[in-house]
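Hi,

Here is the structure I promised to pass on. Have a look at it first, and then read my notes below.

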Amino acid sequence: MIDARTIFSIATRAIKANKMRSILTSLGIIIGVAAVIVMLSVGHGAQTSIQNEMKTMGSNLIIIRSGVATSSGARSGHGSKPTMKKSDGDAIQEKIPEIKLAAPVLEETAQIVYGNANWSTGVTGTDRRMFEIKEWNLSYGRMFSSTDIRSAAKVAILGQTVVNELFGDVDPLGKTVRIKGIPFQVIGVLIPRGQSGNGMDQDDVVYIPITTAQKKVMGISFPDQVKMIMLQAIDSQSTYTAQEEIRELLRQRHNLGVNKEDDFVIRNLTQMMEMMESSTKVMTILLGSIASISLLVGGIGIMNIMLVSVTERTREIGIRMAIGAKAWDIRWQFLTESLVLSLIGGLVGVVIGLLGSYLVGVFSSLPTKVSLIYVLMPFSFAGMVGLFFGFYPAYKASLLNPINALRYE
Amino acid sequence: MSLIELKHITKSYPLEDTQLKILKGINLNIEKGDFVAIMGPSGSGKSTLMNILGCLDKPTSGTYVLDGQRVENLSADELADIRNRKIGFVFQGFNLLSRTSALENVELPMVYANVPAAQREERAQKALAKVGLKERMHHMPNQLSGGQQQRVAIARAVVNEAPIIFADEPTGNLDTKMSIEIMNLFTRLNEDLGRTIILVTHEDDIAHYAKRIIRIVDGEIHSDERNEK
């Protein structure tokens, strides 16, 4: 067998001899590889943004909202008829073993003022369980204490955006801000989390004790009312299995008779997220497979040109055989040629694909994410396509009879 | 022991329901260092004999011993190896690789003999110098005259130190002056370097450069005589 360097130089010489043809042949591979990379990066980007969202929202989440109010047949949206109490959540946490934490939520958009600065943001009344669920720690200051909750203390924990808007460079700890005109002392600032998957600023938040929200800030129609309860199950499976138990317990607590509809809505966010995640996964696979078809078509183009090339170069093959080339030498020569063609196409395709994913990320709302494996995969696939579709022409060349090949005009 | 020993070599091709016999039992010995011309009208079977002698084709029956080795039943790859080591070819149509320099054309047999690249180039340069083309070794075949191309082909045939050179109508595409030049080169290779040369031609004046003239008629050896110069 002849050495790799010589065979490589023979292959590149043949490719250079027909520049235009080689470029057109590789074009199929270039487009295929670039398309696969762009498609995979779009799919991968969508998947990553969902995963990020899941991470920041908290894992294994169930949300319970108040039910639907019906007045003269017109149904309002979820939560329009307040029914949930903080104590409902506490009971669920206590009685249902699959549920680890139950954080109450009472929220409202409010104007918040410090000195001359003011800012409108979502104010959420809750307790420390919320931060445990979201796995969100303070960057400095302290958490709500049991005394804060019990005494409905006027203390607030701020997100970084609110701090930036109201305080600038001033240290906010211990300062007094006014929420709906009521003075609150800032006791802590949360670690910045940046944008969520759907582009919301997660740091544009203010947290106050649930009791304070209920009694002093937000209007409620009955004692202990909350807007919703955020539950965390012990694992993802339990978010499904615990639902029925929660429903039973709440119906019992709300004194709902057999014929009465639920006055609450249970939403399994884990289920939703898992569905979204698996559907983006399917989308990624689908996009990738469609793009792979163009790669396959590119391979057929290579085979076509290699077959033409073998026919055109029958005499060359005859000369090489007469001089001592074995079948294997001829096979390798043409196989190397199609491999080099497809790998050059693959390389150019990678560059264009990376550029394409970048441009899609910049100029469209689709998040794109490029990862090494999604670049190496189409590239090596291009190589395999070259080998696979190069094999038949190379094999055909190696079967030529030297006498006939030499006589070929 | 002769360099080439043919015994009862036949070659036939299937033609409709019969066999077309091209060679009808050739017995032939060629000694090392001989210069043989094979002559015959077209259709006589001389090209078929040449292909079998050159290990490009296999006989239908008979035995062929080349340099002490039975070759009539070898596989295609084994024959390729024999051609590479024992035989150099010179064709009527030169058969150089296009878009490939004279030097690289001469290197080709050594590529398939796995000679290291550096040594290949050095030996190819020497071979080209011997045929008087040192100045033109980087020229492509289409930049060379017919005579020069044939000299490149001869350099390619001798570079692997192959003991036998087969020349199939080597002057067929050349004018008289060029032909004389090429035939003198063959004579030198035979006399000075002791290469065995087997030449196929239909021209009497070309055949007269050889030491022995074999005439093939209708698939058989018609005459076989020493050539008195």
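Domain bounds here come from an automatic or database domain assignment. On that basis, chain A splits into domain 1 (4-53 + 275-407) and domain 2 (82-262). The C-alpha centres of these two domains of chain A are 55 Å apart.

Before the rest, some housekeeping. This is a predicted model, in which local features need pLDDT of at least 70 and side-chain atom pairs count only at pLDDT 80 or more, while totals for chains, interfaces and linings use all residues. Residues are numbered from 1 along each chain as its sequence is written, and chains are lettered from A and ligands numbered from 1 in the order in which they are written.

Now for two helices in chain A. Helices (H or I, at least four residues) and strands (E, at least two) are DSSP runs, numbered from the N terminus. The axes of α9 (residues 269-312) and α12 (residues 372-398) of chain A come within 9 Å and cross at roughly 30°; axes are lines fitted to C-alpha atoms, for helices over the stretch in contact, with angles from 0 to 180 degrees between N-to-C directions. That angle is why α9(A) counts as roughly parallel to α12(A) (angles under 35 degrees do; over 145 is roughly antiparallel, 65 to 115 roughly perpendicular and the rest oblique). Among the residues making the contact are A:Leu295, A:Ile302 and A:Met306 of α9(A), and A:Phe381, A:Val385 and A:Phe389 of α12(A). Contact means that the C-beta atoms of two residues, placed from the backbone, lie within 7 Å. The residues of this helix contact divide into 17 nonpolar, four polar and one charged. Ala, Val, Leu, Ile, Met, Phe, Trp, Tyr, Cys and Pro count as nonpolar, Asp, Glu, Lys and Arg as charged, and the others, Gly among them, as polar.

Over in chain B, there is an open sheet of six strands, in the order β6-β7-β8-β3-β9-β10, with mixed pairing (two strands pair if DSSP finds at least two bridges between them). Its edge strands are β6 (87-90) and β10 (220-226) of chain B, each pairing on one side only. From one strand to the next, the twist averages 20°. Within chain B, β7 (residues 164-168) and β8 (residues 196-200) run parallel and are joined by five bridges. One pair to look up is B:Phe166 with its bridge partner B:Ile198 in β8(B).

Finally, where the chains meet, the contact takes 19 residues from chain B and 16 residues from chain A. On the chain B side, α2(B) gives the most, with six residues.

Cheers
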